[in-house]
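Student: Could we go through this structure together? I'd like to start with the overall picture and then look at a few places in detail.

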Amino acid sequence: MAPVTTWDLLIKNVRVVRPQGHAVHGADIAIRGGKFAKIAGDLSAKSAKRVYDGKGGLAFPGVVDAHTHAGIYSPLKEDAVSESKAAAQGGVTSMLNYFRTGQYYLNKRGPYRKFFPEVLEISKGRYHVDYAYHLAPMDRTHISEIPTLVDKHGVSSFKIFMFYGSHGLHGRSDAQRDFLMIGPDDRYDYAHFEFVMRGVQKARERLPAKASQISLSLHCETAEIMTAYTKMVESADKLKGLAAYHAARPPHSEGLAVFIAAYLANETALPNVNLLHLSSRKALSAALQMQAVFPHIDFRREVTIGHLVLDVNSKAGPLAKVNPPIRPREDVEYLWEQLLAGNVHWVVSDHACCRHETKVAKKAFGNIWLAKSGFGGTEYLLPALVSEGSKRGLSYNRMAALTSYNPARRFGLNSKGDIAEGLDADLAIVDPSETWTIRAKDSQSTQGYTPFEGIELSARVKATFLRGELVCENGNVTGKPLGRYLHRPTN
Ligand SMILES: [Zn+2]
């Protein structure tokens, strides 16, 4: 005899958004053991232990925020809790966190075989959503560890910060060796980047079953151009705020870095390359040019929600300082044009909680040069994309691909990214017609301000489910941290 209850949870009255296709379908979603068990019209409530009324909202696959920085400016043990709560508020169910040795983060050096278990130990039981780490090989030892990091630790994606060798995180710097905490025999330069690429490719060859989901991400900006332009813009002292920072890190610095990255990827036969947070027309068009030159390289092009929403005239001023910088409106419009044309693969937050007291120098408020780089925004990623994307004719299906399916597949999260039987029951239920205004005080993030303050959105996340558990409803994060480490590629 069949048991009376078949499902742990039945979500009724939602419109299901799949990343493929061109429409949304009214359906019920049945969940069992943390997985989607059945998606069909009119499933019987009698078969479920619990029933949740979706109130006609859109059910998006849980957001995979593929670019976050928990632990950069505050201890990881604090950020993991508060910033993953903010993520849950925004319908994010997987955070992919960029991490490295050196200053900030854990403020220490050493091989990843020692460093990374400590990161995992701190993370355990603290995240409210599932999480994984991308790691940046900073020296030769780290390069030699790449195959082990993939195989033993489930880290299948790596990062290069192209400008860190001779330009600081927040501005000009002559102390990059101290910042990176690399030894006297190590250099963080183009040769190092080449050997990182060779190291990642070697791991792909050694682990053929995982190779398609092992990739390298690059922050594309060139130190030399930025150092020279920063000096010029600072001493001319004509431009202020975000316009000055944009001029000090000009778009051609990004474009040039994209060319160098692509050339080296071809030289090292590395086919999986992610070009992170392309912020300008020159950067994104350079990425498209390189795709045409090297068609055998599988480039993925990322943009952030900050670069899609803010421009240099944003009221936020120095609070919106970030690398690459917030750009003029014409660049923002170009990013949208290419996103609508299908030339952008995913949208992320680049969430880096940088509290007010850390962000801007007390005695120099408004001084862009003294402000720190980065800000949070994972909680606004999906609602802002739905709001702004709807105005511009982006389909819900493509929004689901851009925020969930595409990054999930690239980064080896094979149980995430779609609302389909057998996958993890991660969901963001969105009301696409609720108008509301962003206020930092409503966020669970400890940042305390947001460069998005005062922006009116027309879509809101009403509920977030992580593997079938309701983790956030109407902005309230409930329950213990249930987030699990995602050992990638997952099954
Ligand atoms: Zn970042």
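This is a predicted model: local features need pLDDT of at least 70, side-chain atom pairs count only at pLDDT 80 or more; totals for chains, interfaces and linings use all residues.

Student: OK, how many helices and strands does the protein have?

Tutor: The secondary structure comes to 15 helices and 18 strands. The radius of gyration is 22 Å, close to the 23 Å that the globule rule gives for 491 residues, so the protein is as compact as a globular protein of that length.

Student: And what does the C-alpha trace span along its principal axes?

Tutor: It spans about 75 × 50 × 40 Å. Buried residues make up 56% of the 491 residues, and among contacts between residues at least 6 apart in sequence, 78% join residues at least 24 apart.

Student: Switching to strand S8, how many of its residues are buried?

Tutor: Five of the five residues in S8, which covers residues 157-161, are buried. Side chains in a regular strand alternate between the two faces of the sheet. In S8 both faces are covered, with Ser157, Lys159 and Phe161 on one side and Phe158 and Ile160 on the other.

Student: Which strand is S8 joined to, and is the pair parallel or antiparallel?

Tutor: S8 is joined by five bridges to strand S9, residues 215-219, and the two run parallel. Within that pairing, Lys159 stands opposite Ser217 of S9.

Student: Now helix H8, is that enclosed or exposed?

Tutor: Helix H8, residues 241-248, is largely enclosed by the rest of the structure, because six of its eight residues are buried. Those six are Gly241, Leu242, Ala244, Tyr245, His246 and Ala248.

Student: What do the buried residues of H8 pack against?

Tutor: They pack against helix H7, which covers residues 223-236.

Student: Last one, where is Ile326?

Tutor: Ile326 is found in the loop between helix H11 (305-309) and helix H12 (329-340).

Student: Why does Ile326 count as buried?

Tutor: Ile326 counts as buried because it has 26 C-beta neighbours inside 10 Å, and the cut-off for that label is 20 or more.

Student: Which residues is Ile326 in contact with, leaving aside its neighbours within four places in sequence?

Tutor: Its contacts include Leu242 and His246, two residues that are also among the buried ones of H8. Gly306, His307, Leu310, Asp311, Val312, Ser314 and Ala320 are in contact with Ile326 as well. For Val312, the separation from Ile326 is 14 residues in sequence and 5.8 Å in space, C-alpha to C-alpha.

Key: Residues are numbered from 1 along each chain as its sequence is written. Helices (H or I, at least four residues) and strands (E, at least two) are DSSP runs, numbered from the N terminus. A residue is buried if 20 or more other C-beta atoms lie within 10 Å of its own, exposed if 12 or fewer, and partly exposed in between; C-beta atoms are placed from the backbone. Two residues are in contact if their C-beta atoms, placed from the backbone, lie within 7 Å. Two strands pair if DSSP finds at least two bridges between them. The radius of gyration is taken over C-alpha atoms; the globule rule is 2.2 Å times the number of residues to the power 0.38.
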